Amino acid sequence: MAPLLQLLSSDYDLSIMVFHSPYLVDIEAQRIGRILKLDSLKNGDTWKKSDILIFNTWLWWHRNGPTQPWDYIQVGHQIRKDMDRMVAFKKALITWAKWVDSDVDFNKTQVFFRGVTTNYYDGKGWNEAGVSNCSKETQPISGSAHLGGLPESSLVVEQVLSGIKKPVQFLNITNLSRLRKDGHPSMYNGVKRKMDCTHWCIAGVPDIWNQLLYTSLITQHRNKMYDL
């Protein structure tokens, strides 16, 4: 798979590639249809050449119908029409984690995993029962926690990351993002006049994620300088 976007800066000898691989593992077209292969990660051959890798996945795992980009799921030699999405998510993450441990050279490559974020279509999470989207939300959730607690997907991420032997850095943005019901484009997404409480406004919450990433990169660089 080729990168979705590639930016080059000759002044800084820098290239930034954005890969659209929403499941991390492979989707392959075969005679019976498109197969999501939970045990296969061929894009890794390209990824591991990078100096810095930043991963995340979850948003697409609960898609079905016309927006689902696969027809079958394969685990080992078994092909099935569908399975529990959280179980599938965990299996794919474990495949990615094994690839990190076996294929990535941490002498040259830093690896980050950005935590999951969720959507805002249920006001019970901010004590407004009956609210079904983020429309007209202009303030973050007060306090330090979403009433719904942490999503199960974030617990799966933490569990899988804890089993990786290599020093993957976890950008845990789940809870801080979960408080920002005001951070979505709602009906002003610039694409369709459709309520969007899943994606994030730019500028907005993702800028905080970038600040955390920048801080981690600078801290690591300073630590390496002190070790010389």
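Predicted model: local features only at pLDDT ≥ 70, side-chain atom pairs only at ≥ 80, totals over all residues.
Me: What is the pairing in the open sheet of three strands, and which are its edge strands?

Reply: The order is β5-β8-β9 and the pairing is parallel. Here β5 and β9 (169-171) are the edge strands, each pairing on one side only, and neighbouring strands are turned by 25° against each other on average, with direction ignored. The parallel pairing of β5 and β8 extends over four bridges, and L53 has V111 in β8 as its bridge partner.

Me: Why is S40 called buried?

Reply: S40 has a relative accessible area of 15%, and the term buried applies under 20%, so the residue qualifies. S40 lies in the loop between β4 (33-37) and α1 (44-47). Leaving aside neighbours within four places in sequence, S40 is in contact with V25, D26, E28 and T95.

Me: What makes the approach of S40 and D26 a polar contact?

Reply: The side chains of S40 and D26 are joined at 2.5 Å, and the limit for a polar contact between N or O atoms is 3.5 Å, so the pair falls within the cut-off.

Me: How does the length of helix α2 (residues 85-103) compare with the span expected for its 19 residues?

Reply: Helix α2 reaches 26 Å from its first C-alpha to its last, which is close to the 27 Å expected at 1.5 Å a residue. At the N-terminal end, D84 caps α2 through a side-chain oxygen that lies 2.9 Å from the backbone nitrogen of M86.

Me: Which residues of α2 are buried, and what do they pack against?

Reply: The buried residues of α2 include M86, F89, L93, W96 and V100, and the buried residues of this helix pack against α1, β5 (52-55), β6 (72-75), β8 (110-114) and α3 (152-162).

Me: How do you know that C134 and C197 form a disulfide?

Reply: The sulfur atoms of C134 and C197 are 2.2 Å apart, and a disulfide requires cysteine sulfur atoms within 2.5 Å, so the pair meets the definition. A search of the whole structure finds one disulfide. The torsion about the S-S bond of C134 and C197 is about -90°, and the disulfide is therefore left-handed. C134 lies in the loop between β8 and α3, and C197 in the loop between α4 (174-178) and α5 (205-227), so the pair ties together parts that are 63 residues apart in sequence. Both C134 and C197 are buried.

Me: Why is H146 called buried, and which residues is it in contact with?

Reply: H146 has a relative accessible area of 11%, which is under the 20% limit, so the residue is buried. H146 lies in the loop between β8 and α3. Apart from neighbours within four places in sequence, H146 is in contact with Y120, G125, I141, N175, R178 and L179.

Me: What makes H146 and R178 partners in a polar contact?

Reply: The side chains of H146 and R178 make a polar contact at 3.5 Å, a value that stands at the cut-off of 3.5 Å. These two residues are 32 residues apart in sequence and 6.4 Å apart in space, C-alpha to C-alpha. A polar atom of the H146 side chain also lies 2.9 Å from the backbone nitrogen of G148.

Note on methods: Residues numbered from 1 in each chain as written. Heavy atoms only, no water. Helix = DSSP H or I, 4+ residues; strand = E, 2+ residues; numbered from the N terminus. Buried < 20%, exposed > 50% of the residue type's maximum accessible area, 1.4 Å probe, protein only. Polar contact = N/O pair within 3.5 Å; in protein donor to acceptor, adjacent residues only side chain to side chain. Contact = heavy atoms within 4.5 Å. Expected span 1.5 Å × (residues − 1). Pairing = 2+ DSSP bridges. Axes fitted to C-alpha atoms, helices over the stretch in contact; angles between N-to-C directions.
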